[in-house]
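Biologist: I would like to learn how to read side-chain contacts in a model. Can we go through some together?

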Amino acid sequence: MRNVITILFVLLSVAGCASLSGPPLLPGDSIDTVKLKLGTPTASYSAGQEQLLEYATGPMGQTTWMAHIGADGRLTRLEQVLTGEKFATIKVGSATHEDVLRAVGRPAEKSFLPLRDFEVWSYRYKEAGVWNSMMHVHFDRAGVVQMMQNGPDPMYEERRFFR
């Protein structure tokens with residue numbers, strides 16, 4: 001049974017990456033070219049004069065790509081946003097749900113901590129490009145980030161006691 005789960009996980013991981021493995025995108029490509037090469041985005045966000053097209057590989061994937069489309073309808077850059085550096089741009093005490101979505105896209109998981117009255121969005125990513133990690137972004141009732149915590153991704157933790 002464990003082998004079947006492993007094979008299924010690998011197939012799903014590869015399928016999630018397939019849409020990003022075509023011909024390269026170049027700055028200046030039209031939004032239609034971006035969608036043709038990457039497929040339908042998982043979400044779209046407005047960021048001033050830019051439109052952000054999200055290509056998330058979650059909930060199990062560790063990458064989310066943002067295609068930045070300028071006011072002229074052309075690609076300005078393609079960015080992998082699930083990184084420690086990008087999480088560091090989220091301002092505790094002032095960032096909102098919308099700010100977090102524009103920065104790092106949709107979360108892999110959402111949960112609620114009743115004792116703290118926090119909604120938690122969790123993101124799988126590779127810390128420093130190496131460690132399987134999760135970043136937990138904690139929002140208060142008003143939807144403002146109050147805390148961020150990262151740690152190991154439990155999906156990759158060795159399960160010594162449960163076989």
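Biologist: Let me start with arginine 124 and aspartate 153: are they buried or exposed?

Modeller: Begin with the general idea. Buried means under 20% relative accessible area, exposed means over 50%, and partly exposed lies in between (1.4 Å probe, protein chains only). Here, arginine 124 is buried, and aspartate 153 is buried too. A word on the source: this is a predicted model, where local features need pLDDT of at least 70 and side-chain atom pairs count only at pLDDT 80 or more, while totals for chains, interfaces and linings use all residues. Residues are numbered from 1 along each chain as its sequence is written, and side-chain values use heavy atoms, with hydrogens and water left out.

Biologist: In what kind of contact do the side chains of arginine 124 and aspartate 153 meet?

Modeller: They meet in a salt bridge, at 2.8 Å from N to O. The term requires a side-chain nitrogen of Lys or Arg within 4 Å of a carboxyl oxygen of Asp or Glu. This pair links distant parts of the chain, 29 residues apart. Arginine 124 sits in strand E6, and aspartate 153 in the segment after strand E8 (145–152). Helices (H or I, at least four residues) and strands (E, at least two) are DSSP runs, numbered from the N terminus.

Biologist: How many salt bridges does a search of the whole structure find?

Modeller: It finds 8. One of them joins arginine 102 to aspartate 99, with the closest N and O atoms 2.9 Å apart. Both lie in helix H4 (residues 97–104), 3 residues apart, so about one helical turn separates them. Arginine 102 is partly exposed, at 31% relative accessibility. Aspartate 99 is also partly exposed, at 31%.

Biologist: How far apart are the closest N and O atoms of lysine 37 and aspartate 29?

Modeller: They are 3.8 Å apart, and the two residues form a salt bridge. Lysine 37 is partly exposed, with a relative accessible area of 25%. Aspartate 29 counts as buried, at 16%.

Biologist: Now the rings. How many aromatic pairs does the structure hold?

Modeller: It holds 3. Rings of Phe, Tyr and Trp (its six-membered ring) pair if their centres lie within 6.5 Å; planes under 30 degrees apart are stacked, over 60 edge-to-face, and the rest tilted. Take phenylalanine 87 and tyrosine 125: they are edge-to-face, 4.9 Å centre to centre, with 65° between the planes. Phenylalanine 87 is in helix H3 (residues 84–87) and tyrosine 125 in strand E6 (residues 118–127), so the pair ties together parts 38 residues apart in sequence. Both residues are buried.

Biologist: Which residues form one aromatic cluster?

Modeller: Phe87, Tyr123 and Tyr125 do.
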